[in-house]
Amino acid sequence: MDSIAIFSPGSVANVCCGFDVLGFCLDPIGDRMIVRQSKTPGIRISDVKGFKVPLNPKKNVASVAAEALLKDYPSKFGYEIEIDKTIKPGSGLGSSASSASGAVFAINELMGSPLDRKQLIQYALAGERLASGAKHADNLAPVLLGGFTLVRCLESMDVLPLPTPNELVASIVHPKIELKTSYARAILKKEVFLQDAVHQWANVGAFVSALYTNDYDLISRSLEDIIIEPNRSMLIPEYDALKSSALESGALGFGISGSGPSVFALSQGTKTAKKVVQSMSDILAPLDLAFDTYVSNINQKGIQII
């Protein structure tokens, strides 16, 4: 095999209470990528469709992640990467993670799969660091592993797949404004009160327990962010109204997807999830602001060969 085509999905990171550690994989949103072996050494971005990203391999997250992989696993081939970019950069839906994960996954396949998906996370991190200025794997892990994931420790690459309750469905609204992850991280407070930290990590523990026990009421009680949301919510148009409408329409919980501006809600069942996304659309419709909406099952497979 000298070429491969893949679908690399979008993702939701943080999941309210799990800043930089929790994430889940989306179903209908993602980039398509084609990677080809080349007799010319090195990595080249051969074509980009859709949203613009750099063709310069030093500035593109896909090629930077690929270079990190090839540094440890040299190949006699070079690789050309073609990207059909449908996840808008700066959308909060894991755009950089999709490209970085897709590149290392595809090249690993072309090399005969010397690494498993979990081992690929450390190389995709190089691309994520370029995009946001910080190493975090809460988008990368669900894209590569599928479903919900918990990043316990980056240094030891201790990443845990989590179960997904069968009826859990995500509603996504993406206001079409760009919010760079680096800026959204810069406004966060460097210190938090101990009582807030205790509250937050209790929610993380309860949320993980709820995923294992299919306890939708506990999921609802746990989807609370008292540390990050107060700072970032001010960057998102009509945030409080969107949150209220989602919860009043039956959502289990509501939060910022990654760094924003996309927001998400989790619901029990597709019927409720569709009602939730409609209620959020009604909030944004009167504004002079374009937006996209999605209803997504939790993608439990992650990146797929197409």
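These legends describe close-up views of a predicted model. Local features need pLDDT of at least 70 and side-chain atom pairs count only at pLDDT 80 or more, while totals for chains, interfaces and linings use all residues. Residues are numbered from 1 along each chain as its sequence is written, and side-chain values use heavy atoms, with hydrogens and water left out.

View A. Helix α6 covers residues 194-213; helices are DSSP runs of H or I with at least four residues, strands are runs of E with at least two, and both are numbered from the N terminus. The 20 residues of α6 should span 28 Å at 1.5 Å a residue, and the end C-alpha atoms are 29 Å apart, which agrees. The expected span is 1.5 Å times one less than the number of residues. Buried residues of α6 are A197, Q200, N203, V204, F207, V208, A210 and L211. Seen down the helix axis, these buried residues fall within an arc of 160°, so they line one face; the arc is that of the directions from the axis to the C-beta atoms. The face turned away from the buried side carries the exposed residues L194, Q195 and Y212. Buried means under 20% relative accessible area, exposed over 50%, and partly exposed in between (1.4 Å probe, protein chains only).

View B. R44 pairs with E80 in a salt bridge, with the closest N and O atoms 2.9 Å apart. A salt bridge is a side-chain nitrogen of Lys or Arg within 4 Å of a carboxyl oxygen of Asp or Glu. R44 belongs to strand β3 (residues 43-50) and E80 to strand β4 (residues 78-85), so the pair ties together parts 36 residues apart in sequence. R44 is partly exposed, at 45% relative accessible area.

View C. The side chains of D292 and K176 meet in a salt bridge (3.5 Å, N to O). D292 is in strand β10 (residues 291-297) and K176 in the loop between β7 (168-175) and α5 (181-186), 116 residues apart. Both are partly exposed, D292 with a relative accessible area of 25% and K176 with 42%.

View D. For C25, the nearest cysteine sulfur is that of C16, 18 Å away. C25 is buried, at 0% relative accessibility. For C153, the nearest cysteine sulfur is that of C17, 19 Å away.

Methods. A disulfide is a pair of cysteine sulfur atoms within 2.5 Å.
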